[in-house]
Amino acid sequence: VIALVLATSLATTTSVAQQKDSLVVLRDTFDRPFPLVWRAIKQIIEEQHCGIESEKQSFDEQTEMYRGNIRSAPCVLASGEDSTYEVLKRYGRVPIIRGGVWTSGRVQYNFNLKDLPGKKVQVVLTAEISGFEAYVTHLSHAWNANGILERQMMDRLRQVIAKPKDSGSSP
């Protein structure tokens with residue numbers, strides 16, 4: 001009886017540990033004003049054909065600093081029974097559901113922005129993967145992304161922000 005309880009306990013612990021991969025958090029500081037970084041983030045989300053689920057920004061009059069959050073709507077990564085599982089496992093650890101059939105996969109980005117002294121802005125980016133399992137659970141399941149998509153988005157943000165300003169003169 002004790003062996004059975006111990007084996008069940010270990011199996012449960014392994015299952016929970018497997019589903020709780022740590023959250024990948026990317027941080028970068030940009031030497032640009034807050035409104036420019038804010039617009040750049042909205043631009044790169046739109047480039048991914050994602051909408052904006054929510055956006056909030058506030059201005060502290062005492063410190064004269066902005067803070068904000070932009071959360072994308074879920075962006076489709078894959079759909080259909082044939083390739084969805086392969087795509088999902090590329091970007092995170094897919095929950096194990098014996099006999100499960102994944103029919104859609106999505107990613108959702110979350111950007112937190114904080115104004116810093118000297119017209120600098122700190123950006124913190126996280127992402128969550130979700131998929132719909134259509135055979136066993138008939139539910140959407142969510143888990144942490146492994147960092148690949150977040151790094152791609154942060155790299156794109158760096159590119160957009162680094163573009164030289166249009167001087168308005170012809171070469």
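## An aromatic cluster

In this predicted model, ring pairs join Phe34, Trp38, Phe59 and Tyr66 into a cluster. A search of the whole structure finds four aromatic pairs. One of them is formed by Phe34 and Trp38, whose rings are stacked, with 5.8 Å centre to centre and 25 degrees between the planes. Because these two residues are four apart in helix H2, Phe34 and Trp38 are separated by about one helical turn, and both Phe34 and Trp38 are buried.

Phe34 also pairs with Tyr66, again in a stacked arrangement, with 4.9 Å centre to centre and 15 degrees between the planes. This pair links distant parts of the chain, since Phe34 lies in helix H2 and Tyr66 in strand S3, 32 residues apart. How do the two partners stand in terms of burial, given that a residue counts as buried under 20% relative accessible area? Phe34 has a relative accessible area of 2% and is therefore buried, whereas Tyr66, at 27% relative accessibility, counts as partly exposed.

## Overall fold

The secondary structure of the protein comes to four helices and seven strands, and along the sequence these follow the pattern α-β-α-β-β-β-α-β-β-β-α. Among contacts between residues at least 6 apart in sequence, 64% join residues at least 24 apart.

Of the 171 residues of the protein, 35% count as buried. The protein exposes about 10,700 Å², of which carbon and sulfur atoms supply 51%.

In soluble globular proteins, nonpolar side chains tend to be buried together. In this model the largest nonpolar core has 37 residues, and those with the most contacts inside it are Ile41, Tyr109, Phe111, Leu113, Val123 and Leu157. The elements that give two or more residues to this core are strand S1 (26-30), helix H2 (34-47), S4, H3, S5, S6 and H4. Helix H2 gives the most, with seven residues.

Which residues does Leu113 touch, leaving aside those up to four places away in sequence? Leu113 touches Phe34, Val37, Trp38 and Ile41, together with Arg67, Gly68, Val121, Gln122 and Val123.

## Helix H3 and its cover

The buried residues of helix H3 (residues 84-91) are Thr84, Val87, Leu88 and Tyr91. They cover an arc of only 95 degrees around the axis, and therefore lie on the same side of H3. What covers these buried residues includes strand S4 (75-79), strand S5 (102-116), strand S6 (120-133), strand S7 and helix H4 (148-162).

A search of the whole structure finds one disulfide. The disulfide joins Cys50 to Cys75, with an S to S distance of 1.7 Å, and with 135 degrees about the S-S bond the link is right-handed. The pair links distant parts of the chain, with Cys50 in the loop between H2 and strand S2 (52-60) and Cys75 in strand S4, 25 residues apart. Both Cys50 and Cys75 are buried.

Cys50 is also one of the contacts of Ser72, a residue that is placed in strand S3 (residues 65-72). Ser72 counts as buried because its relative accessibility is 0%. Not counting residues up to four places away in sequence, Ser72 touches Ile45, Cys50, Gly51, Ile52 and Glu53, as well as Val107, Gln108 and Tyr109. Tyr109 in turn is among the residues with the most contacts inside the largest nonpolar core.

Ser140 touches Gly131 and Phe132, when residues up to four places away in sequence are not counted. The C-alpha atoms of Ser140 and Trp102 are separated by 9.4 Å, and the two residues are 38 apart along the chain.

Methods
Residues numbered from 1 in each chain as written. Predicted model: local features only at pLDDT ≥ 70, side-chain atom pairs only at ≥ 80, totals over all residues. Heavy atoms only, no water. Contact = heavy atoms within 4.5 Å. Buried < 20%, exposed > 50% of the residue type's maximum accessible area, 1.4 Å probe, protein only. Arc of directions from axis to C-beta. Areas by Shrake-Rupley, 256 points an atom, 1.4 Å probe, with all protein chains shown as cover. Core = buried A, V, L, I, M, F, W, Y, C linked by side-chain atoms within 4.5 Å. Disulfide = S-S within 2.5 Å. Phe/Tyr/Trp six-rings, centres within 6.5 Å; stacked < 30°, edge-to-face > 60°.
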